[in-house]
Amino acid sequence: MNRFISIASAFLGGAVLGAFLHYTLYRISLPLEPFIYFSF
Amino acid sequence: MKIVHVIALLAGTIAGFFGCSALGRLWAHRNIYDKFLRLHPYLEQESSYYPTASQLAALARAQCPPDSGRTLVILGGNSVFNGSGQKTSELWSRVLQHDLGDAYHVINLSAPGAGVADTGGVVFQMLARDYPRMLLVTNTEPGYYAPPENSSYSYLFWDAYYKRLLPDDPAREARLAGQFTTDSWREFKLGRCLNGLFYFNDLWTGVSYRHFSTVWTSWLKERSFYARRRLPDWYDKRKPPKAEERVFENMLPGHLTALQQRKSVAPERFQQQPDGSWTQTEESLRQEAREVTALLPDPLPRRALVVFTPFNPWFTERLTDDERRRLALSYENGKTLLKSAGFHVVSGMDHPFEPQDFGDTAHLTPAGGRRLAIIVAAGIRGIQREPSVPQAR
(Lines give C-alpha, C1' and ligand atoms only; values in the text may rest on other atoms or scores of the structure.)
Protein backbone atom coordinates (compact mmCIF):
# COMPACT_ATOMS: atom_id res chain seq x y z
CA MET A 1 0.00 0.00 0.00
CA ASN A 2 2.79 2.39 0.95
CA ARG A 3 4.56 1.56 -2.27
CA PHE A 4 1.43 2.36 -4.27
CA ILE A 5 0.96 5.69 -2.46
CA SER A 6 4.55 6.74 -3.03
CA ILE A 7 4.38 5.92 -6.75
CA ALA A 8 1.03 7.72 -7.07
CA SER A 9 2.49 10.72 -5.23
CA ALA A 10 5.43 10.79 -7.65
CA PHE A 11 2.98 10.67 -10.59
CA LEU A 12 0.82 13.46 -9.14
CA GLY A 13 3.89 15.56 -8.38
CA GLY A 14 4.97 15.07 -11.99
CA ALA A 15 1.50 16.09 -13.20
CA VAL A 16 1.73 19.33 -11.22
CA LEU A 17 5.19 19.92 -12.64
CA GLY A 18 3.87 19.30 -16.19
CA ALA A 19 1.01 21.77 -15.63
CA PHE A 20 3.51 24.30 -14.28
CA LEU A 21 5.69 23.89 -17.38
CA HIS A 22 2.61 24.46 -19.53
CA TYR A 23 1.79 27.61 -17.54
CA THR A 24 5.42 28.78 -17.78
CA LEU A 25 5.20 28.67 -21.58
CA TYR A 26 2.14 30.94 -21.34
CA ARG A 27 3.95 33.42 -19.10
CA ILE A 28 7.13 33.64 -21.16
CA SER A 29 5.57 33.66 -24.62
CA LEU A 30 3.77 37.03 -24.50
CA PRO A 31 5.02 40.47 -23.55
CA LEU A 32 3.89 41.51 -20.08
CA GLU A 33 4.45 44.77 -18.27
CA PRO A 34 6.71 46.68 -18.48
CA PHE A 35 7.76 45.14 -21.78
CA ILE A 36 4.34 45.63 -23.37
CA TYR A 37 4.89 49.37 -23.66
CA PHE A 38 7.82 48.84 -25.99
CA SER A 39 5.56 47.12 -28.50
CA PHE A 40 3.51 50.28 -29.16
CA MET B 1 14.29 7.33 -4.96
CA LYS B 2 13.85 4.15 -6.95
CA ILE B 3 13.71 3.94 -10.71
CA VAL B 4 9.97 3.25 -10.55
CA HIS B 5 9.43 6.61 -8.83
CA VAL B 6 11.47 8.40 -11.46
CA ILE B 7 9.38 6.76 -14.17
CA ALA B 8 6.17 7.73 -12.33
CA LEU B 9 7.40 11.33 -11.99
CA LEU B 10 8.27 11.55 -15.71
CA ALA B 11 4.98 9.92 -16.70
CA GLY B 12 3.11 12.41 -14.47
CA THR B 13 5.00 15.35 -15.99
CA ILE B 14 4.13 14.24 -19.50
CA ALA B 15 0.52 13.56 -18.51
CA GLY B 16 0.22 16.96 -16.79
CA PHE B 17 1.71 18.87 -19.71
CA PHE B 18 -0.24 17.11 -22.46
CA GLY B 19 -3.40 17.04 -20.33
CA CYS B 20 -3.22 20.84 -20.08
CA SER B 21 -2.59 21.02 -23.84
CA ALA B 22 -5.67 18.88 -24.49
CA LEU B 23 -7.74 21.09 -22.18
CA GLY B 24 -6.46 24.21 -23.96
CA ARG B 25 -7.30 22.73 -27.36
CA LEU B 26 -10.79 21.82 -26.15
CA TRP B 27 -11.36 25.26 -24.62
CA ALA B 28 -10.04 27.11 -27.67
CA HIS B 29 -13.08 26.07 -29.68
CA ARG B 30 -15.68 26.97 -27.05
CA ASN B 31 -16.92 30.43 -26.29
CA ILE B 32 -15.72 31.57 -22.87
CA TYR B 33 -17.15 35.11 -22.90
CA ASP B 34 -20.33 36.30 -21.15
CA LYS B 35 -22.35 39.15 -22.66
CA PHE B 36 -19.44 40.27 -24.81
CA LEU B 37 -19.76 43.77 -26.29
CA ARG B 38 -16.22 44.86 -27.11
CA LEU B 39 -12.55 44.37 -26.29
CA HIS B 40 -12.41 47.04 -23.59
CA PRO B 41 -9.04 47.59 -21.85
CA TYR B 42 -9.56 44.76 -19.34
CA LEU B 43 -10.02 42.33 -22.23
CA GLU B 44 -7.06 43.25 -24.39
CA GLN B 45 -3.33 43.57 -24.28
CA GLU B 46 -3.16 46.98 -22.60
CA SER B 47 -3.94 45.17 -19.34
CA SER B 48 -1.79 42.13 -20.23
CA TYR B 49 -4.77 40.07 -21.36
CA TYR B 50 -4.35 38.45 -24.77
CA PRO B 51 -7.48 36.77 -26.14
CA THR B 52 -6.42 34.20 -28.71
CA ALA B 53 -7.55 34.07 -32.32
CA SER B 54 -9.40 30.79 -31.60
CA GLN B 55 -11.26 32.34 -28.65
CA LEU B 56 -12.43 35.34 -30.68
CA ALA B 57 -13.57 33.09 -33.54
CA ALA B 58 -15.41 30.83 -31.07
CA LEU B 59 -17.09 33.94 -29.64
CA ALA B 60 -18.31 35.00 -33.10
CA ARG B 61 -19.54 31.46 -33.84
CA ALA B 62 -21.44 31.33 -30.53
CA GLN B 63 -23.09 34.71 -31.01
CA CYS B 64 -23.98 34.10 -34.67
CA PRO B 65 -23.85 30.44 -35.74
CA PRO B 66 -23.29 29.88 -39.48
CA ASP B 67 -26.79 28.40 -39.84
CA SER B 68 -28.53 31.28 -38.02
CA GLY B 69 -29.58 32.91 -41.29
CA ARG B 70 -28.19 36.26 -40.13
CA THR B 71 -25.39 38.17 -41.83
CA LEU B 72 -22.39 38.40 -39.53
CA VAL B 73 -20.85 41.89 -39.46
CA ILE B 74 -17.41 41.87 -37.82
CA LEU B 75 -16.10 45.25 -36.70
CA GLY B 76 -12.36 45.70 -36.71
CA GLY B 77 -10.26 48.83 -36.45
CA ASN B 78 -8.95 51.06 -33.70
CA SER B 79 -10.18 52.89 -30.61
CA VAL B 80 -12.64 55.01 -32.61
CA PHE B 81 -14.56 51.86 -33.61
CA ASN B 82 -13.90 50.42 -30.14
CA GLY B 83 -16.07 53.23 -28.81
CA SER B 84 -13.38 54.76 -26.64
CA GLY B 85 -15.14 57.06 -24.16
CA GLN B 86 -18.62 55.58 -24.79
CA LYS B 87 -20.32 53.57 -22.05
CA THR B 88 -21.78 50.19 -22.96
CA SER B 89 -25.33 51.58 -22.91
CA GLU B 90 -24.43 54.13 -25.58
CA LEU B 91 -21.85 52.15 -27.56
CA TRP B 92 -22.04 53.01 -31.25
CA SER B 93 -21.93 49.37 -32.38
CA ARG B 94 -25.14 48.69 -30.40
CA VAL B 95 -26.76 51.57 -32.29
CA LEU B 96 -25.49 50.01 -35.53
CA GLN B 97 -27.02 46.65 -34.54
CA HIS B 98 -30.33 48.39 -33.86
CA ASP B 99 -30.19 50.27 -37.19
CA LEU B 100 -29.40 47.14 -39.19
CA GLY B 101 -32.06 44.98 -37.54
CA ASP B 102 -32.33 41.27 -36.92
CA ALA B 103 -31.08 40.20 -40.37
CA TYR B 104 -27.59 41.14 -39.20
CA HIS B 105 -25.44 40.33 -36.20
CA VAL B 106 -22.80 42.92 -35.29
CA ILE B 107 -19.80 41.90 -33.21
CA ASN B 108 -17.28 44.54 -32.21
CA LEU B 109 -13.72 43.13 -32.25
CA SER B 110 -11.95 46.45 -32.73
CA ALA B 111 -9.26 47.32 -30.20
CA PRO B 112 -7.32 50.41 -29.13
CA GLY B 113 -4.33 50.91 -31.41
CA ALA B 114 -5.33 48.09 -33.76
CA GLY B 115 -4.69 48.40 -37.49
CA VAL B 116 -7.21 48.14 -40.27
CA ALA B 117 -6.93 44.33 -40.69
CA ASP B 118 -5.93 43.34 -37.12
CA THR B 119 -8.23 41.70 -34.54
CA GLY B 120 -11.54 41.77 -36.45
CA GLY B 121 -9.68 41.34 -39.74
CA VAL B 122 -7.91 38.20 -38.54
CA VAL B 123 -11.19 36.67 -37.29
CA PHE B 124 -12.84 37.70 -40.58
CA GLN B 125 -10.20 35.68 -42.47
CA MET B 126 -10.62 32.70 -40.13
CA LEU B 127 -14.40 32.55 -40.61
CA ALA B 128 -14.50 33.40 -44.33
CA ARG B 129 -15.12 29.85 -45.49
CA ASP B 130 -18.05 29.18 -43.12
CA TYR B 131 -19.72 32.59 -43.45
CA PRO B 132 -20.03 33.41 -47.17
CA ARG B 133 -22.26 36.46 -46.51
CA MET B 134 -20.13 37.88 -43.68
CA LEU B 135 -18.83 41.46 -43.88
CA LEU B 136 -15.84 43.15 -42.28
CA VAL B 137 -16.29 46.81 -41.35
CA THR B 138 -13.14 48.45 -40.10
CA ASN B 139 -11.60 51.88 -39.75
CA THR B 140 -8.33 53.67 -40.12
CA GLU B 141 -6.99 57.01 -41.19
CA PRO B 142 -5.22 57.64 -44.51
CA GLY B 143 -1.63 56.44 -44.63
CA TYR B 144 -1.98 53.81 -41.88
CA TYR B 145 -2.25 50.36 -43.47
CA ALA B 146 0.00 48.13 -41.34
CA PRO B 147 -0.44 44.48 -42.37
CA PRO B 148 -1.82 42.22 -39.61
CA GLU B 149 1.45 40.25 -39.41
CA ASN B 150 3.40 43.35 -38.44
CA SER B 151 1.25 45.50 -36.21
CA SER B 152 0.65 46.09 -32.52
CA TYR B 153 -1.77 43.11 -32.50
CA SER B 154 0.37 40.84 -34.68
CA TYR B 155 0.24 38.12 -32.00
CA LEU B 156 -3.32 37.37 -33.19
CA PHE B 157 -2.27 36.95 -36.81
CA TRP B 158 0.60 34.65 -35.92
CA ASP B 159 -1.60 32.69 -33.52
CA ALA B 160 -4.10 32.01 -36.32
CA TYR B 161 -1.27 31.44 -38.82
CA TYR B 162 0.45 28.70 -36.83
CA LYS B 163 -2.86 27.06 -35.98
CA ARG B 164 -3.52 26.96 -39.75
CA LEU B 165 -6.78 28.84 -39.32
CA LEU B 166 -6.19 31.37 -42.11
CA PRO B 167 -7.21 30.79 -45.72
CA ASP B 168 -4.46 29.73 -48.11
CA ASP B 169 -2.78 32.75 -49.67
CA PRO B 170 0.28 32.25 -51.88
CA ALA B 171 0.80 36.03 -52.06
CA ARG B 172 1.02 36.19 -48.27
CA GLU B 173 3.49 33.29 -48.15
CA ALA B 174 5.67 35.02 -50.75
CA ARG B 175 5.50 38.23 -48.72
CA LEU B 176 6.40 36.55 -45.42
CA ALA B 177 9.34 34.62 -46.89
CA GLY B 178 12.57 36.20 -45.77
CA GLN B 179 10.85 38.64 -43.39
CA PHE B 180 10.72 38.63 -39.60
CA THR B 181 14.14 37.02 -39.25
CA THR B 182 15.55 39.06 -36.37
CA ASP B 183 16.13 37.30 -33.05
CA SER B 184 13.20 39.03 -31.36
CA TRP B 185 10.84 38.12 -34.20
CA ARG B 186 12.06 34.49 -34.19
CA GLU B 187 11.46 34.26 -30.47
CA PHE B 188 8.02 35.84 -30.82
CA LYS B 189 7.03 33.51 -33.68
CA LEU B 190 8.38 30.50 -31.78
CA GLY B 191 5.99 31.35 -28.93
CA ARG B 192 3.03 31.48 -31.34
CA CYS B 193 4.17 28.30 -33.09
CA LEU B 194 4.41 26.44 -29.75
CA ASN B 195 0.96 27.71 -28.80
CA GLY B 196 -0.33 26.26 -32.06
CA LEU B 197 0.92 22.90 -30.79
CA PHE B 198 0.23 23.08 -27.05
CA TYR B 199 -2.54 25.73 -26.67
CA PHE B 200 -1.09 27.20 -23.47
CA ASN B 201 -2.35 30.71 -24.27
CA ASP B 202 -5.83 29.36 -24.91
CA LEU B 203 -5.94 27.48 -21.62
CA TRP B 204 -4.47 30.07 -19.29
CA THR B 205 -6.18 33.05 -20.93
CA GLY B 206 -9.42 31.10 -20.48
CA VAL B 207 -8.58 30.53 -16.82
CA SER B 208 -7.82 34.27 -16.46
CA TYR B 209 -11.24 35.13 -17.83
CA ARG B 210 -13.35 32.49 -16.13
CA HIS B 211 -11.64 31.80 -12.79
CA PHE B 212 -8.62 33.86 -11.72
CA SER B 213 -5.81 35.82 -13.30
CA THR B 214 -2.18 35.20 -12.46
CA VAL B 215 -0.76 38.33 -14.05
CA TRP B 216 -0.25 41.58 -12.16
CA THR B 217 -1.00 44.70 -14.17
CA SER B 218 -0.77 48.38 -13.30
CA TRP B 219 -4.21 48.91 -14.87
CA LEU B 220 -5.85 46.78 -12.20
CA LYS B 221 -3.36 46.81 -9.31
CA GLU B 222 -4.99 44.94 -6.39
CA ARG B 223 -7.75 43.62 -8.69
CA SER B 224 -5.17 42.09 -11.05
CA PHE B 225 -5.96 38.58 -9.85
CA TYR B 226 -9.74 38.79 -10.25
CA ALA B 227 -11.33 36.74 -13.02
CA ARG B 228 -11.63 39.18 -15.92
CA ARG B 229 -15.31 38.35 -16.36
CA ARG B 230 -15.98 39.87 -12.92
CA LEU B 231 -14.64 43.24 -14.01
CA PRO B 232 -16.99 45.82 -15.54
CA ASP B 233 -16.44 47.40 -18.93
CA TRP B 234 -13.66 49.88 -18.25
CA TYR B 235 -15.52 52.85 -19.80
CA ASP B 236 -18.61 52.32 -17.61
CA LYS B 237 -16.64 53.54 -14.60
CA ARG B 238 -15.14 56.56 -16.31
CA LYS B 239 -16.48 60.09 -16.63
CA PRO B 240 -17.82 60.65 -20.16
CA PRO B 241 -15.78 63.08 -22.29
CA LYS B 242 -17.27 66.57 -22.62
CA ALA B 243 -17.58 67.92 -26.15
CA GLU B 244 -17.09 71.54 -25.19
CA GLU B 245 -14.91 74.24 -26.68
CA ARG B 246 -13.34 74.88 -23.26
CA VAL B 247 -12.31 71.21 -23.06
CA PHE B 248 -10.84 71.30 -26.56
CA GLU B 249 -8.92 74.49 -25.73
CA ASN B 250 -7.37 72.68 -22.76
CA MET B 251 -6.13 70.03 -25.19
CA LEU B 252 -4.06 72.62 -27.03
CA PRO B 253 -1.31 72.60 -28.08
CA GLY B 254 -0.65 68.88 -27.49
CA HIS B 255 -3.53 67.41 -29.48
CA LEU B 256 -3.09 69.86 -32.37
CA THR B 257 0.63 69.11 -32.55
CA ALA B 258 -0.13 65.36 -32.55
CA LEU B 259 -2.61 65.91 -35.41
CA GLN B 260 -0.02 67.87 -37.37
CA GLN B 261 2.38 64.94 -37.04
CA ARG B 262 -0.07 62.37 -38.44
CA LYS B 263 0.90 60.94 -41.82
CA SER B 264 -2.18 62.50 -43.40
CA VAL B 265 -1.08 66.02 -42.46
CA ALA B 266 2.73 66.03 -42.03
CA PRO B 267 4.60 67.18 -45.17
CA GLU B 268 6.88 64.11 -45.57
CA ARG B 269 4.55 62.22 -47.93
CA PHE B 270 3.79 65.23 -50.13
CA GLN B 271 5.36 67.61 -52.58
CA GLN B 272 4.21 71.09 -53.39
CA GLN B 273 3.67 72.03 -57.03
CA PRO B 274 4.74 75.38 -58.55
CA ASP B 275 1.12 76.57 -58.42
CA GLY B 276 1.05 75.97 -54.65
CA SER B 277 -1.08 72.82 -54.76
CA TRP B 278 0.02 69.56 -53.11
CA THR B 279 0.42 66.07 -54.51
CA GLN B 280 1.38 62.88 -52.74
CA THR B 281 4.83 61.56 -53.65
CA GLU B 282 4.99 58.63 -56.09
CA GLU B 283 7.09 56.68 -53.60
CA SER B 284 4.54 57.00 -50.79
CA LEU B 285 1.69 56.08 -53.15
CA ARG B 286 3.55 52.94 -54.28
CA GLN B 287 4.36 52.03 -50.69
CA GLU B 288 0.74 52.46 -49.60
CA ALA B 289 -0.53 50.49 -52.61
CA ARG B 290 1.74 47.61 -51.55
CA GLU B 291 0.51 47.84 -47.95
CA VAL B 292 -3.15 47.90 -48.97
CA THR B 293 -2.85 44.76 -51.10
CA ALA B 294 -1.29 42.98 -48.08
CA LEU B 295 -4.25 43.64 -45.77
CA LEU B 296 -6.55 40.79 -46.84
CA PRO B 297 -6.21 37.94 -49.34
CA ASP B 298 -8.37 37.98 -52.47
CA PRO B 299 -11.36 37.96 -52.75
CA LEU B 300 -12.02 39.11 -49.17
CA PRO B 301 -11.54 42.87 -49.81
CA ARG B 302 -14.79 42.79 -51.78
CA ARG B 303 -16.61 41.93 -48.54
CA ALA B 304 -14.81 44.58 -46.49
CA LEU B 305 -15.86 48.15 -45.83
CA VAL B 306 -13.13 50.51 -44.67
CA VAL B 307 -14.27 53.69 -42.96
CA PHE B 308 -11.86 56.60 -42.86
CA THR B 309 -13.02 58.06 -39.56
CA PRO B 310 -12.90 61.86 -39.50
CA PHE B 311 -11.01 64.32 -37.34
CA ASN B 312 -12.74 66.83 -35.12
CA PRO B 313 -13.40 69.94 -37.25
CA TRP B 314 -12.65 72.15 -34.22
CA PHE B 315 -9.03 70.98 -34.52
CA THR B 316 -8.79 70.80 -38.32
CA GLU B 317 -9.95 74.44 -38.49
CA ARG B 318 -6.80 75.28 -36.53
CA LEU B 319 -4.52 73.69 -39.11
CA THR B 320 -2.88 75.88 -41.73
CA ASP B 321 -4.38 76.01 -45.24
CA ASP B 322 -1.56 73.78 -46.54
CA GLU B 323 -2.10 71.25 -43.76
CA ARG B 324 -5.83 71.11 -44.51
CA ARG B 325 -5.10 70.61 -48.23
CA ARG B 326 -2.76 67.71 -47.46
CA LEU B 327 -5.37 66.21 -45.14
CA ALA B 328 -8.10 66.40 -47.81
CA LEU B 329 -5.73 64.95 -50.42
CA SER B 330 -4.83 62.07 -48.08
CA TYR B 331 -8.47 61.11 -47.66
CA GLU B 332 -9.09 61.24 -51.43
CA ASN B 333 -5.96 59.22 -52.24
CA GLY B 334 -6.80 56.73 -49.48
CA LYS B 335 -10.23 56.14 -51.00
CA THR B 336 -8.73 55.63 -54.47
CA LEU B 337 -6.05 53.23 -53.20
CA LEU B 338 -8.45 51.05 -51.24
CA LYS B 339 -11.09 50.99 -53.98
CA SER B 340 -8.49 49.94 -56.54
CA ALA B 341 -7.57 47.02 -54.23
CA GLY B 342 -11.24 45.92 -54.15
CA PHE B 343 -12.32 47.40 -50.80
CA HIS B 344 -15.49 49.36 -50.22
CA VAL B 345 -14.68 52.73 -48.72
CA VAL B 346 -16.53 55.42 -46.82
CA SER B 347 -14.81 58.64 -45.82
CA GLY B 348 -16.04 60.32 -42.66
CA MET B 349 -14.71 63.60 -44.05
CA ASP B 350 -17.48 63.46 -46.67
CA HIS B 351 -20.08 63.57 -43.90
CA PRO B 352 -21.09 66.49 -41.69
CA PHE B 353 -19.47 65.63 -38.36
CA GLU B 354 -19.50 68.50 -35.87
CA PRO B 355 -17.26 69.38 -32.89
CA GLN B 356 -19.87 68.09 -30.42
CA ASP B 357 -19.55 64.65 -32.03
CA PHE B 358 -16.03 64.35 -30.63
CA GLY B 359 -14.46 63.92 -27.20
CA ASP B 360 -11.01 64.87 -28.50
CA THR B 361 -9.37 65.00 -31.95
CA ALA B 362 -10.73 61.68 -33.21
CA HIS B 363 -12.76 59.76 -30.61
CA LEU B 364 -16.50 60.06 -30.81
CA THR B 365 -19.07 61.02 -28.19
CA PRO B 366 -22.34 59.06 -28.10
CA ALA B 367 -23.80 61.67 -30.51
CA GLY B 368 -20.90 61.11 -32.91
CA GLY B 369 -21.30 57.36 -32.48
CA ARG B 370 -24.93 57.58 -33.55
CA ARG B 371 -23.90 59.55 -36.62
CA LEU B 372 -21.21 56.98 -37.41
CA ALA B 373 -23.71 54.12 -37.03
CA ILE B 374 -26.06 55.72 -39.60
CA ILE B 375 -23.19 56.14 -42.10
CA VAL B 376 -21.91 52.59 -41.59
CA ALA B 377 -25.40 51.06 -41.81
CA ALA B 378 -25.92 52.85 -45.14
CA GLY B 379 -22.51 51.59 -46.33
CA ILE B 380 -23.37 48.00 -45.38
CA ARG B 381 -26.72 48.14 -47.16
CA GLY B 382 -24.94 49.59 -50.20
CA ILE B 383 -22.59 46.58 -50.31
CA GLN B 384 -25.48 44.16 -49.87
CA ARG B 385 -27.26 45.66 -52.86
CA GLU B 386 -24.32 44.81 -55.09
CA PRO B 387 -24.99 41.61 -57.05
CA SER B 388 -21.52 40.11 -56.39
CA VAL B 389 -22.11 39.93 -52.61
CA PRO B 390 -24.54 37.26 -51.34
CA GLN B 391 -27.72 38.88 -49.99
CA ALA B 392 -28.82 38.86 -46.36
CA ARG B 393 -31.88 36.75 -45.91
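Helices, here, are DSSP runs of H or I of at least four residues, numbered from the N terminus. In this predicted model, α8(B) is the helix that gives the most to the lining of the second largest pocket, with 7 residues.

**The second largest pocket**

The second largest pocket holds about 500 Å³ of space. It is lined by 20 residues, and those closest to its centre are Ser29(A), Pro31(A), Ser184(B), Glu187(B) and Phe188(B). Besides α8 (183-198) of chain B, the elements that each supply at least two lining residues are α6 (154-162) of chain B and α1 (2-29) of chain A.

**The largest pocket**

The largest pocket has a volume of about 950 Å³. Its lining comprises 39 residues, with Asn78(B), Ser79(B), Val80(B), Gly113(B) and His363(B) nearest the centre. Three elements of chain B, namely α3 (79-82), β3 (135-140) and α11 (254-260), each contribute at least two residues to this lining. Of the contributors, α11(B) gives the most, with 3 residues.

The make-up of the two linings is set out below.

| Pocket | Nonpolar | Polar | Charged |
|---|---|---|---|
| Second largest pocket | 10 residues | 9 residues | 1 residue |

**Cysteines**

A disulfide is a covalent bond between the sulfur atoms of two cysteines. The structure holds 0 disulfides over all chains. For a pair to count as a disulfide, the two cysteine sulfur atoms must lie within 2.5 Å. The cysteine sulfur closest to that of Cys20(B) belongs to Cys193(B) and is 19 Å away, so the two are too far apart for a bond.

**Gln55(B)**

Gln55(B) is part of helix α2 of chain B, which covers residues 53-63. The relative accessible area of Gln55(B) is 1%, so this residue is buried. Leaving aside residues up to four places away in sequence, Gln55(B) touches Ala28(B), Ile32(B) and Tyr33(B), and also Asn201(B), Asp202(B), Thr205(B) and Gly206(B).

Technical notes:
Residues numbered from 1 in each chain as written. Chains lettered and ligands numbered in written order. Predicted model: local features only at pLDDT ≥ 70, side-chain atom pairs only at ≥ 80, totals over all residues. Heavy atoms only, no water. 1 Å grid on protein atoms, 1.4 Å probe; cavity = no way out; pocket = protein on both sides within 12 Å on 5 of 7 lines; lining within 4 Å. Points joined across faces, edges and corners; volume = space filled by probe spheres on them. Nonpolar A, V, L, I, M, F, W, Y, C, P; charged D, E, K, R; others polar. Buried < 20%, exposed > 50% of the residue type's maximum accessible area, 1.4 Å probe, protein only. Contact = heavy atoms within 4.5 Å.
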